[in-house]
Amino acid sequence: MGADRPDDPPDGEDPPPDRHADRPDGDDQPPDGEDQPPDGHADRRDDQSDAAQPTRPTGSEAETRGRQEYYTQLYKAVSEEQSEEAQQTAAEEQAAAEKWDENAKESRGMWSEYLCKWPPEERPKVDKPDAPPGSWHGEGNRTLDPAKNSQVEAACDQIAAREQDKISPALRAVESQNPDRHLIGFEHRLKGHDRIKEKVCDKIREFVDFSPEEAVSNVSDAVRYTFQYRETRYTQGVWADIGRLEDQGFELDKLKNFWSEEQYKGINSQWIEPDSGQRFEVQFHTRISFEAKQLTHDAYERLRTHQAGKFEQMVLEAFQSKVTAEVPVPPGAADIPDYP
């Protein structure tokens with residue numbers, strides 16, 4: 001039975017003494033008879049008599065716990081350490097949230113001052129020329145004749161059906177796989193028809209050969225979802241949810257990381273439902289980055305119309321930069337690469 005122990009001595013022979021067990025360098029051994037404790041002394045590591053027993057390091061005690069008790073107490077100790085770490089993390093997140101709340105309050109005051117200087121009701125009204133019944137007219141001289149407007153309306157109805165039948169159930173299934181984050185603003189997942197028509201007009205201007213249906217199919221955020229995470233779990237959560245969306249059969253078309261930008265922070269991604277070709281957007285935010293987006297939304301919309309004067313535009317951009325600079329960047333978030 002001792003075949004696997006090549007260092008065992010032959011039967012009936014005592015093992016040779018190991019005189020250098022605690023001396024990695026044999027040259028340090030003193031000459032015979034010098035400074036060596038007498039036979040049987042407790043410090044003689046080469047005493048191999050039958051009566052010699054291994055000595056326990058000073059201060060150690062024999063393990064009296066059973067295996068189950070040992071592992072139960074070990075698990076408790078590790079859990080307490082993890083609990084302390086979790087408490088520290090929660091305290092740090094709470095401090096960041098309180099700081100953000102103070103800054104957000106200040107920013108809302110700044111926005112109120114902006115509205116006093118540039119009241120929306122005093123902005124020049126956009127003249128809408130007489131148009132035939134069934135046509136559509138929007139800001140920036142965007143128009144759709146009755147036939148194109150009807151086609152876009154029908155396409156919007158198709159989008160709503162695809163969202164309800166396929167896309168939203170899949171996003172809810174993804175959401176259910178991680179209780180630490182959730183979909184926020186789910187009730188606003190469908191973009192309004194007027195906003196879709198604005199984007200359709202822009203697409204037709206850019207690609208003159210586009211039909212209304214083709215233009216609608218290229219509106220990447222006609223359906224939009226937002227996942228919200230805790231700062232400390234953001235990066236891992238984003239990577240995990242990208243994989244879960246792919247597991248649902250969706251194709252990642254684009255991903256843009258804005259965490260290093262000055263006017264907006266977060267990650268926006270565009271996806272395709274392969275059966276219908278329907279595009280939709282998924283944004284990845286923390287609570288603070290999402291609130292910052294909401295806080296700067298009206299400024300963004302005003303800038304988007306290109307109707308603000310140069311000075312007003314500078315004020316709006318400065319406001320967005322101020323709010324965005326106060327958003328904490330989650331660990332590792334800025335390293336998530338763009339796609340493609």
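Over the ring of which residue does the charged end of lysine 256 sit? In this predicted model, the charged end of lysine 256 is placed over the ring of phenylalanine 258, at 5.8 Å from the ring centre.

**Charges over rings and a ring cluster**
- The charged end of lysine 117 likewise sits over a ring, that of tryptophan 118, and lies 5.3 Å from its centre.
- Tryptophan 118 also belongs to a cluster linked by ring pairs, together with Trp111, Tyr114, Phe311 and Phe319.

**Aromatic pairs**
- The count of aromatic pairs comes to 14.
- Among them, phenylalanine 186 and tyrosine 225 have ring centres 6.1 Å apart and planes at 35°, so this pair is classed as tilted.
- Because phenylalanine 186 lies in the loop between β3 (182–183) and α3 (193–206), while tyrosine 225 lies in strand β4 (residues 224–229), the pair ties together parts that are 39 residues apart in sequence.
- Phenylalanine 186 and tyrosine 225 are both buried.
- Phenylalanine 227 and tyrosine 229 form another tilted pair, with 6.4 Å from centre to centre and 45° between the planes, and both of these residues are buried as well.

**Helices α7 and α8**
- The axes of helix α7 (residues 297–304) and helix α8 (residues 310–325) come within 10 Å and cross at roughly 145°, and the crossing is left-handed.
- On the α7 side the contact involves Ala299, Tyr300, Arg302 and Leu303, which meet Glu312, Gln313, Leu316, Glu317, Phe319 and Gln320 in α8.
- The residues of this contact comprise five nonpolar, two polar and three charged.

Conventions:
Residues numbered from 1 in each chain as written. Predicted model: local features only at pLDDT ≥ 70, side-chain atom pairs only at ≥ 80, totals over all residues. Heavy atoms only, no water. Axes fitted to C-alpha atoms, helices over the stretch in contact; angles between N-to-C directions. Helix = DSSP H or I, 4+ residues; strand = E, 2+ residues; numbered from the N terminus. Left-handed = near helix turned anticlockwise from the far one by under 90°. Contact = heavy atoms within 4.5 Å. Nonpolar A, V, L, I, M, F, W, Y, C, P; charged D, E, K, R; others polar. Phe/Tyr/Trp six-rings, centres within 6.5 Å; stacked < 30°, edge-to-face > 60°. Buried < 20%, exposed > 50% of the residue type's maximum accessible area, 1.4 Å probe, protein only. Lys NZ or Arg CZ within 6 Å of the ring centre and 35° of its normal.
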